[in-house]
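I keep these notes while reading through a structure that is new to me. Each entry records what I looked up and what I found.

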Amino acid sequence: MESNASGDDFGDIDWNTEDELEISEIPISTSNLPTPGGVTIVCNGEESSSAHSSNSKLIQHFVGMGFPDKLVVKAIEEIGEGSSEGKILDTVLTYLELQNSSEEHGCIDSDQSTSGYDESLLHDSDIDSWSDDDDEENSDDLSESEKKLQTLQKMGYSVDEATEAMHRCGPDASIAVLTDFICAAQIARAEAPDLPAEIKPKANYTCSQNGKLKRRLYAELDNRKKQRGMVGEDSEMIRLPKPMVGFGLPTDDQSSIVRERTLPEQALGPPYFYYENVALTPKGVWDEISKCLYYVEPEFVDSKYFCAAARKRGYVHNLPIQKRFPLRPLLPLNIEETFPLTKRWWPSWDSRTYLNCLQTAIGSAKLQDRIRKAVEAYDGEPPEHVKKYVIDQCKKWNLLWVGRNKVAPLEPDEFELLLGFPRNHTRGGGISRTDRYKSLGNSFQVNTVAYHLSVLKPLFPDGINILSLFSGIGGAEVALHRLGIPLNNVVSVEKSEINRNIVRSWWEQTNQKGNLIDFDDVQTLDAYKIESLAGKIGGFDLVVGGSPCNNLAGSNRVSRDGLEGKESILFYEYVRILDTVKNIMSGRRFN
């Protein structure tokens with residue numbers, strides 16, 4: 001969502017002004033949405049003018065991944081020309097498995113139809129059972145480690161990959177855990193731009209740079225988690241609560257905060273993780289986010305309970321929820337106390353007490369002048385239709401009354417105040433007003449995040465090591481600093497040079513004693529870099545971040561494609577990096 005302060009009314013942006021709008025009430029984009037199984041459904045697209053041309057492209061696509069052309073053609077013929085790429089991939093993999101089995105045992109004809117097999121073969125293969133029938137007569141004399149090594153080899157992994165995984169994950173790790181580690185490592189190596197081509201893994205369905213195959217991998221990991229009993233397949237869809245107060249607020253009685261929650265075993269920390277994104281997403285997005293993050297239940301919070309502006313966000317984390325505490329002093333929760341100078345000019349018929357979500361764009365000068373003229377046209381109160389127009393525009397653009405019949409947008413320093421950043425946090429250093437609005441509109445609300453992270457203070461009295469992904473202007477870092485938690489080492493990954501400069505400037509202005517290491521692209525942060533960094537700083541205590549919401553937010557009516565979208569697909573990079581960190585940290589002790 002780009003900032004454009006010089007635009008007119010931004011009429012193409014849809015704004016949600018109701019406090020607690022259910023996900024089901026939001027118009028959902030029907031293009032390229034992921035299903036729970038990770039398969040892409042493409043709706044409302046124009047049909048190809050030539051089925052033959054479409055099939056040729058599909059065949060070339062899968063052959064380019066390294067699959068035999070005969071198996072690809074056979075799969076398309078078997079399940080139909082209009083089937084999704086995910087189903088075709090499932091079928092090809094099944095044929096390949098049957099073919100490999102035939103070559104090893106001579107008992108299955110790879111040209112036979114799969115119709116005689118249980119349909120579940122295409123969806124939920126049990127990783128732990130793949131080795132059950134292989135070489136039973138010769139496996140009795142092998143040690144457990146040798147059996148696991150043999151199993152991983154038969155699944156197509158190299159001896160080096162299998163050995164490294166067993167070394168990192170420990171001797172007691174299950175086959176499922178080992179394959180999870182190898183898959184994450186393969187993706188990381190495939191995407192590392194500085195690795196020579198000869199040592200990168202060959203393109204296959206576990207390590208392709210193709211975005212859909214990445215999602216396919218996490219769908220497979222999802223199936224494995226289901227098989228390990230982490231969640232039932234018929235679990236209910238996540239819905240937003242009313243009111244949106246998460247697992248409790250600072251004003252609640254701490255002894256009665258909501259309830260205890262039980263985290264899945266794989267989600268337990270340390271390392272701790274904390275992920276944020278907009279709450280009002282296309283249907284099914286938060287289910288997918290939760291599945292990829294170990295089935296941890298999201299915590300949905302509206303920042304109007306922490307400041308005078310609404311900001312509906314979802315947070316998935318494995319932090320404790322007891323004994324939280326807020327930042328002091330508390331921010332005022334209404335417009336009048338936050339901006340007392342507006343009280344003199346505020347008309348009685350504008351009943352707003354708090355502001356709408358702070359966006360990256362502001363109302364234009366033309367709009368402000370149009371509102372002034374509309375109100376001045378009447379001696380007394382304007383008629384109802386004029387009031388409605390004015391209030392709607394004021395809500396949409398968060399306009400304040402700053403003079404008689406005069407409205408104006410929030411200034412950047414007022415954004416900083418509402419979001420909990422120090423004054424002038426984004427000012428200076430060559431940054432423009434437009435860029436300040438953009439950076440602030442995409443940031444965390446510091447007080448909300450600090451409330452959740454406050455539980456870390458007694459756990460890390462000597463300081464904390466953070467991997468901060470999609471760092472923005474350093475909302476998490478500012479929150480931890482204001483909580484009094486020393487920042488020993490921060491590895492910050494942020495694409496925007498402007499934002500990186502803001503964080504670096506804040507780091508120097510606040511005289512931080514630790515080390516700030518920054519990168520510009522999460523996609524270049526491969527497993528080898530992560531392990532090297534972890535070794536240098538002594539491991540990571542917290543992985544924090546919020547991937548782009550461009551294709552998720554209700555204000556985007558052009559490309560609201562969910563996690564399939566060009567920008568929001570980077571969520572899967574957060575998942576990949578978190579999985580890598582957890583595997584590294586679980587397989588190695590850091591001093």
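**Entry on helix H14.** I began with helix H14 (residues 446-453), which is mostly covered, since eight of its eight residues are buried; buried means under 20% relative accessible area, exposed over 50%, and partly exposed in between, with a 1.4 Å probe and protein chains only. I noted the buried residues of H14 as Val446, Asn447, Thr448, Val449, Ala450, Tyr451, His452 and Leu453. I then looked up what they pack against, and found strand E3 (272-278), strand E4 (299-302), strand E5 (312-317), H12, helix H15 (475-483) and E11. Contact here means heavy atoms within 4.5 Å, while helices (H or I, at least four residues) and strands (E, at least two) are DSSP runs numbered from the N terminus.

**Entry on the source.** I remind myself that this is a predicted model, in which local features need pLDDT of at least 70 and side-chain atom pairs count only at pLDDT 80 or more, whereas totals for chains, interfaces and linings use all residues. Residues are numbered from 1 along each chain as its sequence is written, and side-chain values use heavy atoms, with hydrogens and water left out.

**Entry on the whole protein.** I recorded 18 helices and eleven strands in the protein, and buried residues make up 52% of its 591 residues. Among contacts between residues at least 6 apart in sequence, 72% join residues at least 24 apart.

Which residue does UniProt list for "active site"? The unreviewed entry lists Cys549; UniProt positions are given in the numbering used here, feature names are shortened, and annotations may be inferred rather than shown by experiment. I found Cys549 in the loop between strand E11 (542-545) and helix H18 (571-586). Cys549 counts as buried because its relative accessible area is 17%. Not counting residues up to four places away in sequence, Cys549 touches Asn277, Val278 and Ser568.

**Entry on Leu552.** Leu552 is also found in the loop between E11 and H18, and with a relative accessible area of 0% it is buried. Leu552 and Leu280 are 272 residues apart in sequence, yet 7.7 Å apart in space, C-alpha to C-alpha. Leaving out residues up to four places away in sequence, I listed the residues that Leu552 touches as Asn277, Val278, Leu280, Thr281, Pro282, Val285, Arg560, Gly562, Leu563 and Ser568.

**Entry on H8 and H18.** I turned next to helix H8 (residues 285-292) and H18, whose axes come within 10 Å and cross at roughly 15 degrees; axes are lines fitted to C-alpha atoms, for helices over the stretch in contact, and angles run from 0 to 180 degrees between N-to-C directions. H8 and H18 are therefore roughly parallel to each other, given that angles under 35 degrees count as roughly parallel, over 145 as roughly antiparallel, 65 to 115 as roughly perpendicular and the rest as oblique. Their crossing is right-handed; a crossing is left-handed if the near helix is turned anticlockwise from the far one by less than a right angle, and right-handed if clockwise. Glu288, Ile289 and Cys292 in H8 meet Phe571, Tyr572 and Val575 in H18. By class, I noted five nonpolar, no polar and one charged residues in this contact, where Ala, Val, Leu, Ile, Met, Phe, Trp, Tyr, Cys and Pro count as nonpolar, Asp, Glu, Lys and Arg as charged, and the others, Gly among them, as polar.

**Entry on H10 and H11.** How do helix H10 (residues 365-376) and helix H11 (residues 384-397) pack? I found an angle of about 155 degrees, with the axes 10 Å apart, and that makes H10 roughly antiparallel to H11. The contact is made by Leu367, Arg370, Ile371, Ala374 and Val375 of H10 and by Val386, Tyr389, Val390, Gln393 and Trp397 of H11. By class, the contact of H10 with H11 has eight nonpolar, one polar and one charged residues.

**Entry on H12 and H13.** Helix H12 (residues 412-419) and helix H13 (residues 433-441) pack at an angle of about 15 degrees, with their axes 10 Å apart, and their crossing is left-handed. Pro412, Asp413, Phe415, Glu416 and Leu419 in H12 meet Arg433, Arg436, Tyr437 and Leu440 in H13. I divided the residues of this contact into five nonpolar, no polar and four charged.
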